[in-house]
Amino acid sequence: MTDSVRLVDMTLRDGMHAVDHQFTPEEMADVAGALNAAEMDVVEVSHGDGMGGSSINYGFSAASTEEYLDAVTPELTDTELSVLMLPGIGTIEEIDMAIDHGADICRIATHVTEADVSEEHFEYVKDQGLEANGLLMLSHMAEPETVLEQAQLMESYGADAVYVMDSAGALLPSDVRDRVSLLADELSIDVGFHAHNNLGLGIGNSLAALDSGAVTIDGCLRGLGAGSGNAQMEVLVGTLEKAGYDVNPDFFGTMDAAEDVLVPMISDDEMPELDNDSLLLGYAGVYSSFLRHTRRAGEKYDIDPREILIELGEMEVVGGQEDLITDVASRLASEKDAETAEAASDD
């Protein structure tokens with residue numbers, strides 16, 4: 001097998017969720033330099049929720065996107081720089097700023113059924129000469145045919161590639177194959193895949209995506225990312241080499257970037273793990289970035305976070321509805337108090 005795979009490292013974007021968006025510009029520069037030395041194909045840098053995401057709703061970052069790009073751009077001499085844009089959060093001014101700081105790629109993300117909100121963003125990014133990739137988030141919430149329809153919209157807007165995003169880590173390998181193979185067969189542009197590990201399937205689903213026609217795959221050093229993390233980049237590199245794929249990043253260099261550069265920056269409670277709460281994200285199909293917010297709400301209202309996540313899953317919440325976490329926790333606490341009071345009166 002000699003199929004070439006493009007690898008996009010998300011440590012400095014999706015990994016921001018795991019550290020409450022508190023990477024410093026200096027830390028970002030160190031990680032970016034190590035990834036560049038390892039010959040990573042692409043490094044993405046943004047707030048966890050994209051440019052403009054630093055806010056009370058999504059969490060304030062330790063520095064501005066401009067400060068992060070100022071620190072990272074000089075380190076990426078051979079690796080391409082990507083930024084993330086969510087329509088309704090980021091602005092054209094931020095796209096312009098990213099271009100001024102050397103961005104090569106802008107990835108435009110929407111909910112899996114809302115690609116139509118991205119047309120102007122694709123047109124603007126393409127007019128500026130950047131590569132434009134479309135991301136269909138929470139792809140488990142739509143049937144393969146609907147995912148294809150939305151991907152075709154992004155293609156018609158000028159997307160150079162469209163990603164199936166398993167934002168909740170809820171897809172099984174068969175689900176990945178159904179979606180990715182359909183897009184690969186019907187689109188004339190590249191197909192990518194973005195995994196989360198909430199069901200322990202980050203690497204397996206990435207392999208299923210490649211086997212079904214995907215040519216570009218996301219990952220993070222040590223799996224650092226929302227929920228139980230993303231597909232672990234150094235594992236991806238080694239596994240893909242072992243499987244016979246043609247990958248550009250150096251295996252040992254990627255391992256060193258994870259072990260020697262990233263790990264010393266991360267506290268034990270920031271490092272993602274496949275625990276009960278993150279497992280439930282995948283089981284319930286809840287957006288992975290909701291986990292830390294849900295844990296805080298559970299502690300505040302004395303409610304098991306799993307109860308909150310099950311409720312959110314039944315509500316089919318999507319990114320941008322983080323305010324519902326507190327609403328659900330408060331309501332569950334009130335119901336719990338009412339049940340306690342009723343039981344006491346019966347006694």
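A cavity here is a set of points, on a 1 Å grid over the protein atoms alone, where a 1.4 Å probe fits but cannot get out, and lining residues have an atom within 4 Å of a point. Grid points are joined across faces, edges and corners, and the volume is the space filled by probe spheres set on those points.

Before I go on, the ground rules. This is a predicted model, so local features need pLDDT of at least 70 and side-chain atom pairs count only at pLDDT 80 or more, while totals for chains, interfaces and linings use all residues. Residues are numbered from 1 along each chain as its sequence is written, and side-chain values use heavy atoms, with hydrogens and water left out.

Back to the cavity. How much space lies in the largest cavity? About 110 Å³. Its lining comes to 17 residues, and Arg13, Asp14, Met137, Met165 and Tyr287 are the ones nearest its centre. Split by class, that lining has eight nonpolar, six polar and three charged residues. For the classes, Ala, Val, Leu, Ile, Met, Phe, Trp, Tyr, Cys and Pro count as nonpolar, Asp, Glu, Lys and Arg as charged, and the others, Gly among them, as polar.

Helices (H or I, at least four residues) and strands (E, at least two) are DSSP runs, by the way, numbered from the N terminus. Is S6 enclosed or open? Five of the five residues of S6, 161–165, are buried, so the strand is largely enclosed by the rest of the structure. Buried means under 20% relative accessible area, exposed means over 50%, and partly exposed is in between, with a 1.4 Å probe and protein chains only.

Now the neighbours of S6. Strands pair if DSSP finds at least two bridges between them. S5 (residues 131–137) runs parallel to S6, joined by four bridges, and Gly134 stands opposite Val162. The chain gets from S5 to S6 through helix H6 (residues 144–157), and that β-α-β crossover is right-handed. Right-handed means that, with the strands pointing away from the viewer, the path from the first strand over the helix to the second runs clockwise.

Next to S6 we also have S7 (residues 190–194), parallel again, with five bridges. Val162 faces Val191 there. Helix H7 (residues 173–186) carries the chain from S6 to S7, in another right-handed crossover.

Seven of its seven residues are buried, leaving S4 mostly covered. Four bridges tie S4 to S3 (residues 80–85) in parallel, with Val83 opposite Cys106. S3, helix H4 (residues 92–100) and S4 form a right-handed β-α-β unit. S4 also pairs with S5 in the parallel sense, over seven bridges, and Ala109 has Leu135 as its bridge partner in S5. The path from S4 to S5 goes through helix H5 (residues 119–127), and this crossover is right-handed too.

Asp14, which is in the loop between strand S1 (4–9) and helix H1 (15–18), is buried, with a relative accessible area of 2%. Which side chains does Asp14 contact? The Asp14 side chain makes a polar contact with the His194 side chain at 3.1 Å, and another with the Asn230 side chain at 3.0 Å. Asn230 and His194 are joined by a side-chain contact as well, at 3.1 Å. A polar contact is a pair of N or O atoms within 3.5 Å; within protein, one must be able to donate a hydrogen and the other to accept it, and residues adjacent in sequence count only if both atoms are side-chain atoms. Asn230 sits in the loop between strand S8 (216–219) and helix H9 (233–242), and counts as buried at 4% relative accessibility.

Last, some backbone angles. Most residues other than glycine have a negative phi. Leu138, in the loop between S5 and H6, has a positive phi near 50 degrees and is buried at 1% relative accessible area. Glu39 has a positive phi of about 65 degrees. Glu39 belongs to the loop between helix H2 (25–37) and strand S2 (42–44), and counts as partly exposed at 42% relative accessibility.

Notes. 1 Å grid on protein atoms, 1.4 Å probe; cavity = no way out; pocket = protein on both sides within 12 Å on 5 of 7 lines; lining within 4 Å.
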